[in-house]
Amino acid sequence: MRAKITYAVTALALIAYFVLAGSRGVILIQVGTPLTVALGAAVLVLPAVGLWFLWKNTQFARRAGVLAAELEAEGGLPVDDLERTPSGRIDRDSADAVFARRKAETEAAPEDWRTWFRLAVAYHDARDTTRARKAMQRAIQLHDG
């Protein structure tokens, strides 16, 4: 729940920033000189790209949450039994061992979204967020058909 609140507060702050930046772009365009119109149009690009990125990221998080809820209802969520360092971080060797199992599961059933979901969690635990996101996107694709 804390992560959702943090995400919502961050999203609202970003939206406020986009509105502020967009309003400055509109003001520049309203001045009407060729230079200010060009600058205003350039300033409007940032909020547009930012809103698109925020929308796509929110959709991704929502869809991943749907998969997590479905997997939890089935009793198939991966158990967090990873070893931790004294500071509480996941031990890299422990994460690598779990990752090897998850990768083998996914190779054995490459069309099962559940294995891709668990592989995404293993990638995340191993601190490979790029591959974790790609694996989660694959799980979402397979789930949605």
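Q: How far from the centre of the F60 ring is the charged end of R133?
A: A charge sits over a ring if NZ of Lys or CZ of Arg is within 6 Å of the ring centre and within 35 degrees of the ring normal. You're looking at a predicted model, where local features need pLDDT of at least 70, side-chain atom pairs count only at pLDDT 80 or more, and totals for chains, interfaces and linings use all residues. Residues are numbered from 1 along each chain as its sequence is written, and side-chain values use heavy atoms, leaving out hydrogens and water. The charged end of R133 sits over the ring of F60, and its distance from the ring centre is 4.0 Å.

Q: Which residues does R133 contact, leaving aside neighbours within four places in sequence?
A: R133 is found in helix α5; helices (H or I, at least four residues) and strands (E, at least two) are DSSP runs, numbered from the N terminus. Contact means heavy atoms within 4.5 Å. With neighbours within four places in sequence set aside, R133 is in contact with N57 and F60.

Q: Is R133 buried, exposed or partly exposed?
A: Buried means under 20% relative accessible area, exposed means over 50%, and partly exposed is in between (1.4 Å probe, protein chains only). The relative accessibility of R133 is 32%, so R133 counts as partly exposed.

Q: What is the volume of the largest pocket?
A: Rolling a probe the size of a water molecule over the atoms shows where empty space is left. On a 1 Å grid over the protein atoms alone, a cavity is a set of points where a 1.4 Å probe fits but cannot get out, while a pocket is an open set with protein on both sides within 12 Å along at least five of seven lines; lining residues have an atom within 4 Å of a point. Grid points are joined across faces, edges and corners, and a volume is the space filled by probe spheres set on the points. For the largest pocket, that volume is about 790 Å³.

Q: Which element gives the most to the lining of the largest pocket?
A: Of the 21 lining residues, the closest to the pocket's centre are F60, A61, R62, A64 and G65. Elements that give two or more residues to this lining are α1 (2-31), α2 (34-74), α4 and α5 (129-144). With eight residues, the one that gives the most is α2.

Q: How many charged residues are in the lining of the largest pocket?
A: Ala, Val, Leu, Ile, Met, Phe, Trp, Tyr, Cys and Pro count as nonpolar, Asp, Glu, Lys and Arg as charged, and the others, Gly among them, as polar. By class, this lining has 13 nonpolar and five polar residues, and its charged residues number three.

Q: Which elements each supply at least two residues to the lining of the second largest pocket?
A: This pocket holds about 190 Å³ of space. It is lined by K56, Q59, F60, R63, R133, Q137, I140 and Q141, which divide into two nonpolar, three polar and three charged. The elements that each supply at least two of the lining residues are α2 and α5.

Q: How many residues apart in sequence are the parts that the pair of F99 and Y123 ties together?
A: Rings of Phe, Tyr and Trp (its six-membered ring) pair if their centres lie within 6.5 Å; planes under 30 degrees apart count as stacked, over 60 as edge-to-face and the rest as tilted. The structure holds two aromatic pairs, and F99 with Y123 is a tilted one, at 4.8 Å centre to centre and 50° between the planes. Both F99 and Y123 are buried. Since F99 lies in helix α3 (residues 92-108) and Y123 in helix α4 (residues 113-125), the separation in sequence of the parts tied together is 24 residues.

Q: What is the relative accessible area of R102?
A: R102 has its place in helix α3. Not counting residues up to four places away in sequence, R102 touches P78, R118, L119 and A122. R102 is buried, and its relative accessible area is 12%.

Q: How far apart in space are F117 and R102, C-alpha to C-alpha?
A: F117 lies in helix α4 and is buried, with a relative accessible area of 6%. Residues up to four places away in sequence aside, F117 touches A64, L67, A68, L71, L77, M136 and A139. F117 and R102 are 15 residues apart in sequence, and their C-alpha to C-alpha distance is 9.5 Å.

Q: What is the phi of R127?
A: R127 is found in the loop between α4 and α5, and counts as partly exposed at 42% relative accessibility. R127 is not a glycine, yet its phi is positive, at about 65°.
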